[in-house]
Amino acid sequence: SVASYSTGAVACLASFRRPALARYICCIAALAGAGFGALAAVLGILRGTPVRFSVSSGIPLFSYSFSYDALAGFFNLALAILACAVSIYSLSYLKEFEGKRNIGFFGFLFHILLLALTITFTAADAFLFLTAWEVMALAAYGLVTYYHEDEETRRAGLLYIIMAHIDVGCLLLGFALLSQASGSTEFASFHAAAVQMSSARQAAVFVLFFLGFGIKAGMIPFHIWLPAAHPVAPSNISALLSGIVIKTGIYGMVRIFLDSLGGLPSWAGLLVLIVGVVSAVLGVLYALMEHDLKRLLAYHSIENIGIILMGLGAALIFRVEGHPQLAGVALIAAIFHTLNHAIFKCLLFLGAGSVLHSTGTRNMEKLGGLIRPMPVTAFCFLIGAVGISGLPPL
């Protein structure tokens, strides 16, 4: 998948003067990468032991270390499903951009985003993780501001990039503290070092990571970038942002809190749980007051991030209190809802894109009677609505 995304990025950039060719390259290369990614993800989930390998970076003390375990496989599976759906959707969605916008540059950023996400989920070294994290933020910024001539889009892009660099700053400090204690940037060395840390130092590391990953996830009160960026981005990118980009924050919390930091105090799990409850309640309240279709879906993503954090917080609490089975159940619930939300929210954002393309408005007060001229979109949106409502069989 890494080779497909890298090749796709270069090929899209090389064909920027031929929009039709760039559109086909963009979608087909991404679809191929998603297929390879899904295969690797399934093998990673089923394999009992992680696959680890390193590539020299050419810089002393740093290396590009990868680890493909079940957790990386699960999140890469979610990425592959969404990349596949968005690629198929984009084949016709991008057609309207021909002769109007640079599809080659769009395809380049799209593939770089998918590549950065793949590396983020498989990095086993803080240096590589932060590099991929920053590339992901910059690629997402370029895609969010694709309609850069619009003032609202520029404001949303500025807010996004500011929040993205606040979160990477928190992560950089957190990894610096762990690396100083362990003498290495490898994730595998963090657990033993974290156990030896003083309670104050461990608390500082936890708070830094919680802030860094929480900003990316869109938890309240650091959610302000999310309802601003999602509506102005192209709808296929909104689907990726809500479906998988914000889930990198959840991945980071699971990876660091349950693996690298070891035994956190019970107050840490309680804090995650409380923030999750607040995000879930306020997210749905904000959504109920919205008339903008894409902004409504963005606020609903905040609610679902809150639900996922509730499961993660409960897992942390149960683990500290000596109930590993309950901790496992809570973690499974959080991780499974991560996949659940990724799929139905991607479907709903793609449906919203079709509605916006056909009607030219996101204001739901001005929409009505679309089931007749858009029966396929209506049926797909119904499936997404059933999923978002938690109705059987979804």
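Predicted model: local features only at pLDDT ≥ 70, side-chain atom pairs only at ≥ 80, totals over all residues.
**Ser260**

Is Ser260 buried or exposed? I found it buried, because its relative accessibility is 0%. I then checked where Ser260 sits, and it lies in helix α11. Leaving out residues up to four places away in sequence, I listed what Ser260 touches: Phe187, Phe190, His191, Ala194 and Arg255.

**The helix around it, α11**

Next I took in the whole of α11, which covers residues 247-260 and has 14 residues. How far does α11 reach from its first C-alpha to its last? I read 19 Å, close to the 20 Å expected at 1.5 Å a residue. I also looked at burial along α11: 13 of its 14 residues are buried, so the helix is largely enclosed by the rest of the structure. I reminded myself that an α-helix has 3.6 residues a turn, so residues three or four places apart point the same way. Just after α11 I noted Gly262, which takes a positive phi of about 70°.

**Asn236**

My next stop was Asn236, which I found in helix α10, residues 235-245. Asn236 counts as buried because its relative accessibility is 0%. Which side chain does Asn236 join through a polar contact? I found that of Ser90, at 2.9 Å. Ser90 also turns up among the residues that Asn236 touches, once those up to four places away in sequence are set aside.

**Gly212**

I moved on to Gly212 in helix α8, residues 199-217. With 0% relative accessibility, Gly212 counts as buried. What does Gly212 contact beyond its neighbours within four places in sequence? I wrote down Trp133, Asp167, Cys170 and Leu171. I also checked Gly212 against Met163: they are 49 residues apart along the chain, and their C-alpha atoms are separated by 9.5 Å.

**Cysteines**

How many disulfides does the structure hold? I counted 0. Cys27 is in no disulfide, and the nearest cysteine sulfur, that of Cys26, is 4.7 Å away. For a disulfide the two sulfur atoms would have to be within 2.5 Å. Cys27 is buried, with a relative accessible area of 3%. Cys346 is in no disulfide either; there the nearest cysteine sulfur belongs to Cys84, 9.8 Å away. Cys346 is buried too, with a relative accessible area of 3%.

Then I turned to strand β1, residues 51-56. How many of the 6 residues of β1 are buried? My count was 0, and the strand is hardly covered. I looked for the partner of β1 and found strand β2, residues 63-68. The two pair in the antiparallel sense over 6 bridges. One bridge I picked out joins Ser56 to Ser63 in β2. A handy reminder for myself: in a regular strand the side chains alternate between the two faces of the sheet.

**Confidence**

The mean pLDDT of the chain is 91, and 99% of the residues reach 70 or more. Which element has the lowest mean pLDDT, and which the highest? β1 is lowest at 82, while helix α4, residues 103-122, is highest at 95.

Terms used: Residues numbered from 1 in each chain as written. Heavy atoms only, no water. Buried < 20%, exposed > 50% of the residue type's maximum accessible area, 1.4 Å probe, protein only. Helix = DSSP H or I, 4+ residues; strand = E, 2+ residues; numbered from the N terminus. Pairing = 2+ DSSP bridges. Polar contact = N/O pair within 3.5 Å; in protein donor to acceptor, adjacent residues only side chain to side chain. Contact = heavy atoms within 4.5 Å. pLDDT = per-residue confidence, 0-100. Expected span 1.5 Å × (residues − 1).
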